[in-house]
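Welcome! Please take a moment to look over the protein shown below, and then we will walk through it together.

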Amino acid sequence: MTAPAGKPATKTQAASIVPGALQGQATEWQSLHDRLVANLDLAQRDYAGSGSYWTGKAGDRARESASTTVTEGRKITSALAAAVAAANTGQSDIATSKATAVAAIELAEQAKFKVAEDGTVTAPDARNSLPNAKTEDITAAQAALDATAKTTYEPPIKAALLGLGQTIESTTTAIEKAFENIGSVKTAVHNVHVSLGERSQQVQDILDGKSKVPTNSKDFKSFWDTLSNEEKDALWNQNHYIGNTDGMPATDRDHYNRLTLDERLTAAQAARAEAQQIFAAHPEWTPQVLSSGVPAESKADFERWLAKREESKHLEDLTTLKEVTGDKYPNSVLMQVDDKSGTNVHAVVADGNPDTASHVTTYVPGTGSEPSKMGKDMERVAAMTDSALDQGAKRPVTVAWFGYDAPPGLFNATQDSYAKNGASALTAFQDGLRVTHEGSPSANTVLGHSYGTTLIGEAASNGRTLNADNVVLVGSPGAGVDNVREISLSGVADGTQGQHIFATRAENDPVPRYSWANEAGVLIPIGGVLTDDHGINPTDSSFGGQVFTSDPGTAGPWWSGGYSTDAHSDYWNTNSTSLVNMGRIIAGKTAEVS
């Protein structure tokens, strides 16, 4: 990300430079700054207060050494703060300078003028546009084009490239200046309890690739509890997705996942901007050209455009995830952000800290759910928490669990593969909630909507056990089993499952009719793919669960039999019977469920 000292940037640099490339380094510096400040404050506080009990020359020497260490350490924190400020300012300035240079170059090239690496502009051959003109007319036209090249296009391009080069150089200089006095800082005295980066052999082996972090949530929690902040940061620096690990306390998951979200969002934004710039530079890439193949001379740009589109494919998911963990939901806890494992980003967001909650509800959405659309789901999360509060729950927390690839459409929802693929992740998450919870165990409920109920059924059957006190199935097409006896819940004795499994369906909701339609053979296979059997509807008496009441929901037109897709989403309407009943189940007032 550097240009030769005192020289303009080149055309290639202007096109390829990524302003957001400094974000990762700035984030690392900020993290180091915050940790060091905390440790220095701790050392200063502890040693300052030691005069009342540690007297004599030894105590005086220790306090003097601690004071020196803290003073020198503050120089480092000041340098880190200055470097972060320089990097952030530099990113913004570089982005502006890049945009100016790219726009000036594109303006000239769109007019068929050629732009060299150093910004020199060459006019097109006048004979190309005046094939039958007289020699003197061609000469005059060429002179006019040459003048336009040198007076209209070249000056702003060269000025923009010079400005970009100077901005890159000034950013580099500012960062170097921030650290220029660090070499004079004295080595911290070894007997002051400030973290100097010592690591256990176990952590070092993990960093060296000789071993791995524990995979079982209970084992991971025991391992994580032994680590210093420096060791935790080192593990995140090695694996930026470690915050997704079940068994890590929710506050740590939130801390590291926010760092990762910012990093991945910045990268996706930069990739999207670059893809747009590449495409704008090729107006000849019409839909017809793209379908038949781009010309050889633009093949490299085309491949780069495809690569940048791929790199930015999760931008909408990440952008919404940033929004729902922002000011609108100030108590939100980001428990997972994974843009590598699935078709969509896998994400988990809680509306509070589940580790300290009295009641924890894991909400599993259904068909079509993805982080880019989770704004409505977060409203449902808030509604369930409020309903539980109204029913007497002291500290309820609801978790939006988008930890799987949901079926993208209705036909996909006829397949059980999405449930099978996501089941293990849900069981592991629920196990992790139990492991990290503080104090008395919370009352845990897993509540699914639509296809989310099918996933829940899979996660609690076929040899799996779901760590939950109660299960709620809302608007279900089928939970993949025909009777509650096939479901296994931690701590729930076999034969008593029916007391802990609740189901509801709105009269005008068509989705719960899936099992009937599938059995009756009225569902037509698409592309030769048969529909899967999701089991009988959980509201059927033979299923054996507790059926609770929902309002009828929005009625559809007469020709639909009164069914409507709106009714499938009406369960969370304010003051609805279903929402009140959900609050009662979550709060443990199951005897009052109607």
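Which residue in β7 is the bridge partner of Tyr363? The bridge partner of Tyr363 is Leu447.

## Before we start

This is a predicted model, in which local features need pLDDT of at least 70 and side-chain atom pairs count only at pLDDT 80 or more, while totals for chains, interfaces and linings use all residues. Residues are numbered from 1 along each chain as its sequence is written, and side-chain values use heavy atoms, with hydrogens and water left out.

## The sheet and its order

Let us begin with the strands. An open sheet of eight strands runs in the order β3-β4-β6-β5-β7-β8-β9-β10, and its pairing is mixed. Helices (H or I, at least four residues) and strands (E, at least two) are DSSP runs numbered from the N terminus, and two strands pair if DSSP finds at least two bridges between them. At the edges sit β3 (333–338) and β10, each of which pairs on one side only.

## Around strand β7

Strand β7 covers residues 443–449, and six of its seven residues are buried, so the rest of the structure largely encloses it. Here, buried means under 20% relative accessible area, exposed means over 50%, and partly exposed lies in between (1.4 Å probe, protein chains only).

β7 has parallel partners to meet. With β5 it is joined by six bridges, and the two strands run parallel. With strand β8 (residues 470–474) it pairs in the parallel sense over five bridges. Leu447 stands opposite Val472 in β8. To get from β7 to β8, the chain passes through helix α15 (residues 451–459), and this β-α-β crossover is right-handed. A crossover has that hand if, with the strands pointing away from the viewer, the path from the first strand over the helix to the second runs clockwise.

## On to β9 and β10

β8 and β9 pair in the parallel sense over four bridges. Val474 has Thr504 in β9 as its bridge partner. Strand β9 (residues 501–504) also pairs with β10 in the parallel sense, over two bridges, and Phe502 stands opposite Gln546 in β10.

Are the two faces of β9 covered or open? Both are covered: Ile501 and Ala503 on one side, and Phe502 and Thr504 on the other, are all buried.

Two packed helices are described by the angle between their axes and the distance between the axes. Axes are lines fitted to C-alpha atoms, for helices over the stretch in contact, and angles run from 0 to 180 degrees between N-to-C directions. Angles under 35 degrees count as roughly parallel, over 145 as roughly antiparallel, 65 to 115 as roughly perpendicular and the rest as oblique. A crossing is left-handed if the near helix is turned anticlockwise from the far one by less than a right angle, and right-handed if clockwise.

Now try those terms out. The axes of helix α14 (residues 417–436) and α15 come within 8 Å and cross at roughly 60°, so these helices are oblique to each other. α14 passes α15 in a right-handed crossing. The axes of α9 and α11 also come within 8 Å, but cross at roughly 150°, so α9 and α11 are roughly antiparallel to each other. Their crossing is left-handed.

## Aromatic pairs

How many aromatic pairs does a search of the whole structure find? There are 15. Rings of Phe, Tyr and Trp (its six-membered ring) pair if their centres lie within 6.5 Å; planes under 30 degrees apart count as stacked, over 60 as edge-to-face and the rest as tilted. Trp285 and Trp305 form a tilted pair, 5.8 Å centre to centre with 50° between the planes. Trp285 lies in the loop between α9 (250–280) and α10 (287–292) and Trp305 in helix α11 (residues 299–311), so the pair ties together parts that are 20 residues apart in sequence. Trp285 is buried at 3% relative accessibility, and Trp305 is buried at 10%.

Tyr363 returns here: with Trp572 it forms an edge-to-face pair, 5.9 Å centre to centre with 75° between the planes. Tyr363 lies in strand β5 (residues 359–364) and Trp572 in the loop between β10 (546–547) and α17 (577–587), so this pair ties together parts that are 209 residues apart in sequence. Tyr363 is buried at 0% relative accessibility, and Trp572 is buried at 8%. Elsewhere, ring pairs link Phe220, Phe223, Trp224, Trp236 and Tyr256 into a cluster.
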